[in-house]
Amino acid sequence: MLNSNNIYFWVSGFALGLAVCAFFSCPLWKFVVPIMLFLSVFAGITGFKKNKELEDS
């Protein structure tokens, strides 16, 4: 089943992959990589919190 926490984990991994790809191929990598890393961490933490709430209830 597709829960919101699974979507957050997917977005986290996708943003991390895009950050790695942007580092090697994007001319604006100095601007893009920190944004993608922030998005990855934010989505991962949010997904972890939602997963914890789902397990507690």
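**Note on a predicted model: patch, buried serine, cysteines**

1. Val-20, Phe-23, Phe-24 and Trp-29 make a nonpolar surface patch of about 430 Å². Patch residues have over 30% relative accessible area and no salt bridge; nonpolar side chains (Val, Leu, Ile, Met, Phe, Trp, Tyr) are joined within 5 Å, like charges within 9 Å. A salt bridge is a side-chain nitrogen of Lys or Arg within 4 Å of a carboxyl oxygen of Asp or Glu. Areas are Shrake-Rupley values with a 1.4 Å probe; for residues, only the protein chains shown count as cover.

2. This is a predicted model: local features need pLDDT of at least 70, side-chain atom pairs pLDDT 80 or more, while totals for chains, interfaces and linings use all residues. Numbering runs from 1 along each chain as its sequence is written, and side-chain values use heavy atoms, without hydrogens or water.

3. Helix 1 (residues 4–25) gives the largest share of the patch, three residues. Helices are DSSP runs (H or I, at least four residues), numbered from the N terminus. Val-20 sits in helix 1. Val-20 is partly exposed, at 44% relative accessible area. The classes are buried, under 20%; exposed, over 50%; partly exposed, in between.

4. Ser-40 lies in helix 2 (residues 29–56). Ser-40 is buried, at 8%. Beyond neighbours within four places in sequence, Ser-40 contacts Ser-12, Ala-15 and Leu-16. Contact means heavy atoms within 4.5 Å.

5. Why are there zero disulfides? A disulfide needs two cysteine sulfur atoms within 2.5 Å. The sulfur of Cys-21 is 11 Å from its closest cysteine sulfur, in Cys-26, too far for a bond. Cys-21 is partly exposed at 47% relative accessibility, and Cys-26 is partly exposed at 25%.

How values were computed. Helix = DSSP H or I, 4+ residues; strand = E, 2+ residues; numbered from the N terminus. Buried < 20%, exposed > 50% of the residue type's maximum accessible area, 1.4 Å probe, protein only.
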